[in-house]
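Please look over the structure shown here before reading the notes on its core and its sheets.

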2 protein chains.
Amino acid sequence: MTQNRRHGPRLTALAESLPASVPFVGPEAQERIQGFEFKARLGANENVFGPSPKAIDAMERAARDIWMYGDPESHDLRHALAAHHGVNPENIMVGEGIDGLLGYLARLTVGPGDTVVTSDGAYPTFNYHVAGFGGVLEKLPYRDDREDLPALLARAAEVDAKLVYFANPDNPMGSWLTGAEIEAALDDIPDGTVLILDEAYVEFAPLGTAPQIDIDDPRVIRMRTFSKAYGMAGARVGYAMAAEPLITAFNKIRNHFGMNRAAQAGALAALADQQYLAENIARVAAAREQINRIAAENGLTALPSATNFVAIDCGGDETLAKAVLDALVARGIFVRMPFAAPGNRCIRLSCGPDRDLALFASALPGVLQAARG
Amino acid sequence: MTQNRRHGPRLTALAESLPASVPFVGPEAQERIQGFEFKARLGANENVFGPSPKAIDAMERAARDIWMYGDPESHDLRHALAAHHGVNPENIMVGEGIDGLLGYLARLTVGPGDTVVTSDGAYPTFNYHVAGFGGVLEKLPYRDDREDLPALLARAAEVDAKLVYFANPDNPMGSWLTGAEIEAALDDIPDGTVLILDEAYVEFAPLGTAPQIDIDDPRVIRMRTFSKAYGMAGARVGYAMAAEPLITAFNKIRNHFGMNRAAQAGALAALADQQYLAENIARVAAAREQINRIAAENGLTALPSATNFVAIDCGGDETLAKAVLDALVARGIFVRMPFAAPGNRCIRLSCGPDRDLALFASALPGVLQAARG
């Protein structure tokens, strides 16, 4: 066969300009590079306690029916979520994790040159999606280790932002605003700006952390997930809640048959088992306390957290935190650290069972000595 | 809380212009509307015979580990696929079904006003993605119930197409070109055009249907899936094979953590069980013969098929075929029909076990009488 040297694909100018980047290198890739497996997997904001046994049962049963496509409307899950939240099914969009939904939302609203506001050091995958559609990111610093919602909204007004990203509780710091603080800021959302309220971790947070917002308010879209408190990160099930016109708009562009059928069934069963959810949240809270104790025993400060992870201030700068992280990883304990100052003085550790935290506790003194030396 | 009447989200002009459409209404939605469940589910091009028991086992095991995100690189699956196809892992991109991969490819290459060539009546989800990025579709008629590859490529040259879509075997007609016919056409791919060779059904086709194409040829991208011959439609695992630069480009935009972890494990196990695959293909071939017989017994012509479905010529026009389809659906037998002439003189039926085909056989005489009457 003749193989002429033709120039092949013509990417769009935007696609051509993008790096072939990865928001995060996965732990499996790290394991392959380093040549050994992690003994404790506490770096990817996963919920090591896992999902309800009823969710596992549902996924196992669904595995036998996997020859069928999932329901493209995620009807049953959407209706169950609507009942759970006291909204209409038309206010809920189920998608391939919050990551998938953030990508769709960026595609719907962000074109080349459009401005989007977020915090410097907040969720990189959101930034990846915005950049992927040609958006221009305005990044504001954290204030007191918290995302600075009033400043984000003020900047959004200045730059006529299409979107403002605000995670509550925050990742990677674990900090949070109260629902009342958020409610008080809502009237400062500029005309034509949508506030993305990423509540991936909100089930772990104190009561009152989730603001009361009229579901028909066109200025806000809330993101929730089964990846964190429900312990099903590998299933890829997230959902957005918003006024019906914005939810409907996802149907213009989403991958309608993109949901895994077993994941739909698992999420439905997980949602129905609120008893397990409550127990899981209690386990996470106890692990958080345990991490606090381990940090204190080593002279470090664990930051207050409303999530299933804890940022531990290593007491120095980014270089020291990175040395602590590297030493932990070398001992088989997978953790990560915030990307930007001032958070990057910290390492970030997920809550896990006693076994995992004992490994961390036993490694930490030597790790700190190595990192400081 | 004050609820000012603000104008809410500002969609991009492109998003604003798109309909909130669905490429296909799912069978579950049909069941909800009609108020009863289908007795035979033969309309969605699913593989009713299902996946290897080893794949089901792997998904069940993975359900217990679902608290972990899947490997964003799909490393193990990608390497196994590379070995299976005799290419490098860098030539393979795993994604959320071919649907997901077609969406990414459209995003990479198609901007507003860019032209894309396909056949009138070919895969609607591809068209949906192209339109979703502002592309302009040129649709050519089928010739002798086959996609007309030479005509598609000639038109691509005329309109300077970014992409040409060509499914082999074809959906919805089940027709195919030989690998040699495709190889002979390759040199007519215009400069700067990429031929998408959608081989979703190729494992069902006669040996020699898959063309020999140098994996480094920059003019072609091949799409394969675990949804059809491997019987795992609900898992959402597809893969693209192409020259490394195009494969790498997917990393610019894809949802890196979008793959379901259990689906990755299931696909890996399914790929390893080629014995089951061969048996499944034999079962499909037998069912195809059975469908041919049922059609003949009713005076209808089943079109030759290299897939796991059969288009049955109802012997009249679109109206008659639609009446046949409606009468089958009313009797609890889910089938679909091609969207465009001349295919829309047919209904399209998936291969299934004897139980399902017996239901079809027993319903068909009455259905035809009703449709003709």
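This is a predicted model: local features need pLDDT of at least 70, side-chain atom pairs count only at pLDDT 80 or more; totals for chains, interfaces and linings use all residues.

Residues are numbered from 1 along each chain as its sequence is written, chains are lettered from A and ligands numbered from 1 in the order in which they are written, and side-chain values use heavy atoms, with hydrogens and water left out.

**Nonpolar core**
- The largest nonpolar core has 224 residues; such a core is a set of buried Ala, Val, Leu, Ile, Met, Phe, Trp, Tyr and Cys residues joined through side-chain atoms within 4.5 Å, where buried means under 20% relative accessible area (1.4 Å probe, protein chains only).
- Among the members that touch the most others are A:Ile221 and B:Ile221.
- Leaving aside residues up to four places away in sequence, A:Ile221 touches residues including A:Leu105, A:Val194 and A:Phe250 (contact means heavy atoms within 4.5 Å).

**Sheet in chain A**
- Three strands (DSSP E runs of at least two residues) form an open antiparallel sheet in the order S9-S10-S12 of chain A.
- Strands S9 (301–302) and S12 (346–350) of chain A each have a single partner strand, so one side of each lacks a neighbour in the sheet.
- S10(A), residues 309–313, pairs with S12(A) over five bridges (pairing needs at least two DSSP bridges).
- A:Val310 has A:Leu349 as its bridge partner in S12(A).

**Sheet in chain B**
- The open sheet of chain B has the order S9-S10-S12, with antiparallel pairing.
- B:Asp313 has B:Cys346 in S12(B) as its bridge partner.

Technical notes: Buried means under 20% relative accessible area, exposed over 50%, partly exposed in between (1.4 Å probe, protein chains only). Helices (H or I, at least four residues) and strands (E, at least two) are DSSP runs, numbered from the N terminus.
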